[in-house]
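I shall present one structure, beginning with a question about a pair of side chains.

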Amino acid sequence: MPNPSTKLLELIEIYKGRKTEFPNLKGVTLASWILESGWGGSELANKHNNFAGMKYRKAMEPFATKISYAAHDGVDDYCAFASPEKFIDGYWAFLERAPYKGWRSKAGDAEDFIEFVGPIWAQDGAYSEKVLNLLSQAEALLQSSSIPGAPDDVCGECGDDDAPGKPKVDRWEPTSHQSSRNGTDIDHIVVHYTTSRNIEGTISHFKHGTPRTSAHYIIGRDGALVQMVNDSDRAWHAGSSAMNARSIGIEHVAAPGDKITTAQGATSAALIAWLMHEYEVPRSQVIPHVCVKATSCCGDLFADFGGKAGGSCDVQTNGLRGWMASMGI
Ligand SMILES: [Zn+2]
């Protein structure tokens, strides 16, 4: 195996732990990035975290900036990503554009996937075959144990065996309704309800609705966990840019009058416990939306504990805290 660059190893460590909608495609996508970046040795990869030779398109605006770059086929506008995380998210968003329409129907199988995407991605007729030739090496790299010195290996809480893990994200639905935290630390969690039982409507609204709003997470009535914005970025959920900069927003699918369901509560409690641990958010700073602005949010989710739509910040907070205590958080 040729030597992967340090930059490529950094990407691999991050990709290993990254939630994606299609974990079965991590190997084949990494194989394509190895091919495009020459084992991470390209200037685009090293300077701009662009491991896939991705040209700039308007849809890349939330993920990348535009740079002019001279590749083997001439000068063109390419994507520059601020981090490997942004690159990974940008790559999957790139596929959601019109030229790749239909790729999801091929996502069940790595070979089907690259044979569909490859001819659109590159003019080289042997592109898919070249990627597939790297597949076993890419999968071995993803399965290898942590590389010493790689970012995930520097752990402030090593040996913290009781630490809650992040609950599994069932769907990743990236949205452009987000912005940078500009260096602000996360120290609040804001709890919301969607006012509707239609989770697809909420997802669509957070992608295309006006005014443009979003949340980091949406939890379905069935407990399914959807993530739309990376924790490290600012979602637009609280109606206050200062609070958005410092908080994680969690939406619960519920119509007015609906209480949190058992399955939904289990996912929510696991998520809140993990977020509190991960970002050292004190219990007192897990708050219902009504404590940020005048709203009925978070509705009747915690009616069993005294919370209710129309209740004040104190009333809804008591409901939320009562529920949290019942869940052991
Ligand atoms: Zn809300």
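Which side chain meets that of lysine 86 in a salt bridge? The partner is aspartate 233, at 3.1 Å from N to O; a salt bridge here is a side-chain nitrogen of Lys or Arg within 4 Å of a carboxyl oxygen of Asp or Glu.

Let me state the basis. This is a predicted model, in which local features need pLDDT of at least 70 and side-chain atom pairs count only at pLDDT 80 or more, while totals for chains, interfaces and linings use all residues. Residues are numbered from 1 along each chain as its sequence is written, and side-chain values use heavy atoms, with hydrogens and water left out.

Next, the domains. An automatic or database domain assignment gives domain 1 (6–153) and domain 2 (171–326). Across their interface the rule finds one salt bridge. Six residues of domain 1 contact six of domain 2, contact being heavy atoms within 4.5 Å.

I turn to the metal. The zinc ion is coordinated by His192 (ND1), His289 (ND1) and Cys297 (SG), at 2.1 to 2.3 Å; donors are N, O and S atoms within 2.8 Å of the metal (3.2 Å for Na, K and Ca), and sites may look incomplete because water is not among the atoms. The donor residues follow the spacing H-x96-H-x7-C in sequence. Both histidine 192 and cysteine 297 are buried, that is, under 20% relative accessible area with a 1.4 Å probe, protein chains only.

Thank you.

Terms used. Buried means under 20% relative accessible area, exposed over 50%, partly exposed in between (1.4 Å probe, protein chains only).
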